[in-house]
Amino acid sequence: MIRPTRMSGGVAALALVLATIAIIIESAAAVLAAGSLSIFLLWQAGRFERDLASVAASLTVSRDVDRTILRQGVEAHVRVRVDLTPPPGMEVLVRDVPPVVATGTAPLCEPGRIATYTIRLMAPGKTSFGGVVIEAADTFFTANLVCRRFNAPQIRVFPNGVAGDGQGVGASVGDAEVDRRSPLAGQGIRGFRPYREGDDPGLIDWKVTARHDALYVRELTGLEGGTPLIAVDLPARVGDLETFARFSMAVSGAVEGAINSREGCSLLVVTGPEVIRFLPGTMDIREALDALGRLTPVEPRAPLYRSPGPAILTARARIPPRGAGEGETVYLTRLGGTLSAFAGESPAPFAAAVREALGRVADLREVRIFSLLQPGDKSHLIQLIHEAKVWGMRVTLRAPPGAPDLPGVDAVEAI
Amino acid sequence: MTDRRFLILCAGEILVIAVGNLLAALVIQILVLAAFLDDRRGYTIFIAAVALYAAAVAVLGHILLSLIALAVVLVCGYAALTLHDYRLTLWAGGSA
């Protein structure tokens, strides 16, 4: 039901006062004033209702979930965009409604903007979203309207493998889990998600693909298990807003996942050749998120000018000077000498800082680098990857699709 | 801004009462409320409703009867609004 604002409350109070005055002084003009203000409010309420109905009729919702088949308790990232046509004088905000079995809340945002949030589905079975809430307000009235028609996509949650005595897949909270072989049981598979460009074709699950008539890939538990060092390369600028939103969501999700793993989160935040923050094994999610500094873009103060770092320079200097011809051999010999001289003299403070940081978390076996890989110098990432390799760590790069290859990266995952 | 506008509305109502004449009060009231609004879509409907009420006040010629008639109109209007709101909620919820 619509609710009055402070302004309409004031107008109603004024109408009451005028009605009282009309009775006291027996004035037809005062009766008219009181009556016209009351009719005015009634007319405004009717107009507000009509506007609200037109807003609801113009509503379109576009919602993406990164995986629609997943294991109970695993987080899913949601991106939703709500478009509508607000009438003049009406302010409208929208909020997505997660499934009833999900933990996590959606942010309130303006129509036409993409909202991103994370949910965790706590009960097995098939579930879908609860629609969207329209929060509309004008000068005289406000109202919340829940539109449940927009509940796609449907999400299928598999139990964690606890045996029960049920007869089928749970459809709501309270249904027992079944003691039967689940597609996600005992295979190290955390969930399935639609195939994205750049995914390894070997990860396509053909049974799920055939069942849903769309390509689905397996997400292995091992790839997200454990607590890798999370290295965040802060971009110099926001660039494409949608890509930046996906980047922020991926970083926050990785940090949250690492802390929830109860082994702590090791976080390295860099911008260009500068270590902004380093947190080894924190269990405090607030401290970790503070270290990320809201992922605000930071302009690097000291570019490396495409210097791959002393270690790589030294390695290059050791390359035998064997060229295709005499001229090339001479060139390579001279280049080796020059590189050797610079490699020895280069102070390389960034490489030293990264080496020291990695030395403090040397027990970790993987570095997961999050970067937008914006155009420009990527020497700092090359140095970071090289130092990780020196410590024998596996390097996974999470970057937007179509990002350029970096030497030494073991796996690339699309953000 | 909103508070100042409300004070201007209060001042306008004092003027409406001070005029004494019903027809003049009707004109001033319509002008005051028009100045009070930013968005005047459908304002003619409101003018028609207020003119009808002014006619009712003139015909009835009694203050209490006029106020009772107003109360009846408001109750009916509130019932209609509630019904519309209920149907809208059902439609948005996917039940209708």
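A crossing of two helices is called left-handed if the near helix is turned anticlockwise from the far one by less than a right angle, and right-handed if clockwise.

1. What we are looking at. This is a predicted model, in which local features need pLDDT of at least 70 and side-chain atom pairs count only at pLDDT 80 or more, while totals for chains, interfaces and linings use all residues. Residues are numbered from 1 along each chain as its sequence is written, and chains are lettered from A and ligands numbered from 1 in the order in which they are written. On confidence, pLDDT is the predictor's own score for each residue, from 0 to 100. Chain B has a mean pLDDT of 90, with 96% of its residues at 70 or more. For the complex, the predictor gives an ipTM of 0.94 and a pTM of 0.55.

2. The five-strand sheet. Helices (H or I, at least four residues) and strands (E, at least two) are DSSP runs, numbered from the N terminus, and two strands pair if DSSP finds at least two bridges between them. In chain A, five strands make an open sheet with antiparallel pairing, in the order β1-β11-β10-β5-β7. At the edges are β1 (3–4) and β7 (108–109) of chain A, each with a single partner strand, so one side of each has no neighbour in the sheet. Further in, β5 (residues 91–97) and β10 (residues 131–137) of chain A run antiparallel and share seven bridges. Two of the facing pairs to click on are Leu93(A) opposite Glu135(A) and Glu91(A) opposite Ala137(A). On to the next pairing: β10(A) and β11(A) are antiparallel over six bridges, and a hairpin of three residues joins β10(A) to β11(A). Here Val132(A) has Cys147(A) of β11(A) as its bridge partner.

3. Axes are lines fitted to C-alpha atoms, for helices over the stretch in contact, and angles run from 0 to 180 degrees between N-to-C directions. Angles under 35 degrees count as roughly parallel, over 145 as roughly antiparallel, 65 to 115 as roughly perpendicular and the rest as oblique. Residues count as in contact if their C-beta atoms, placed from the backbone, lie within 7 Å. Among those making the contact are Val11(A), Leu18(A) and Ile25(A) of α1(A), and Val31(A), Leu37(A) and Leu41(A) of α2(A). By class, this contact has 15 nonpolar, two polar and no charged residues. For the classes, Ala, Val, Leu, Ile, Met, Phe, Trp, Tyr, Cys and Pro are nonpolar, Asp, Glu, Lys and Arg are charged, and the others, Gly among them, are polar.

4. The face toward chain B. How many residues of chain A are in contact with chain B? There are 39, and they meet 37 residues of chain B. α1 (6–25), α2 and β11 of chain A each supply at least two residues of that side. α2(A) gives the most, with 20 residues. By class, the side of chain A that touches chain B has 27 nonpolar, seven polar and five charged residues.

5. The six-strand sheet. Chain A also has an open sheet with mixed pairing, in the order β17-β16-β15-β18-β19-β20. Its edges are β17 (275–282) and β20 (411–414) of chain A, each with a single partner strand, so one side of each lacks a neighbour in the sheet. From one strand to the next, the twist averages 20 degrees. β15 (residues 229–233) and β18 (residues 366–371) of chain A pair in the parallel sense over five bridges, and Val232(A) has Phe370(A) of β18(A) as bridge partner. Helix α10 (residues 379–390) of chain A packs on the sheet, touching β15, β16, β18 and β19 (394–399) of chain A, with its direction at about 170 degrees to that of β18(A).

6. One more helix pair. The axes of α5 (residues 241–260) and α6 (residues 285–292) of chain A come within 10 Å and cross at roughly 150 degrees. That makes α5(A) roughly antiparallel to α6(A). Is their crossing left-handed or right-handed? The crossing of α5(A) and α6(A) is right-handed. Residues in the contact include Val251(A) and Glu256(A) of α5(A), and Ala288(A) and Leu292(A) of α6(A). By class, the contact of α5(A) with α6(A) has seven nonpolar, no polar and one charged.

Notes. Two residues are in contact if their C-beta atoms, placed from the backbone, lie within 7 Å.
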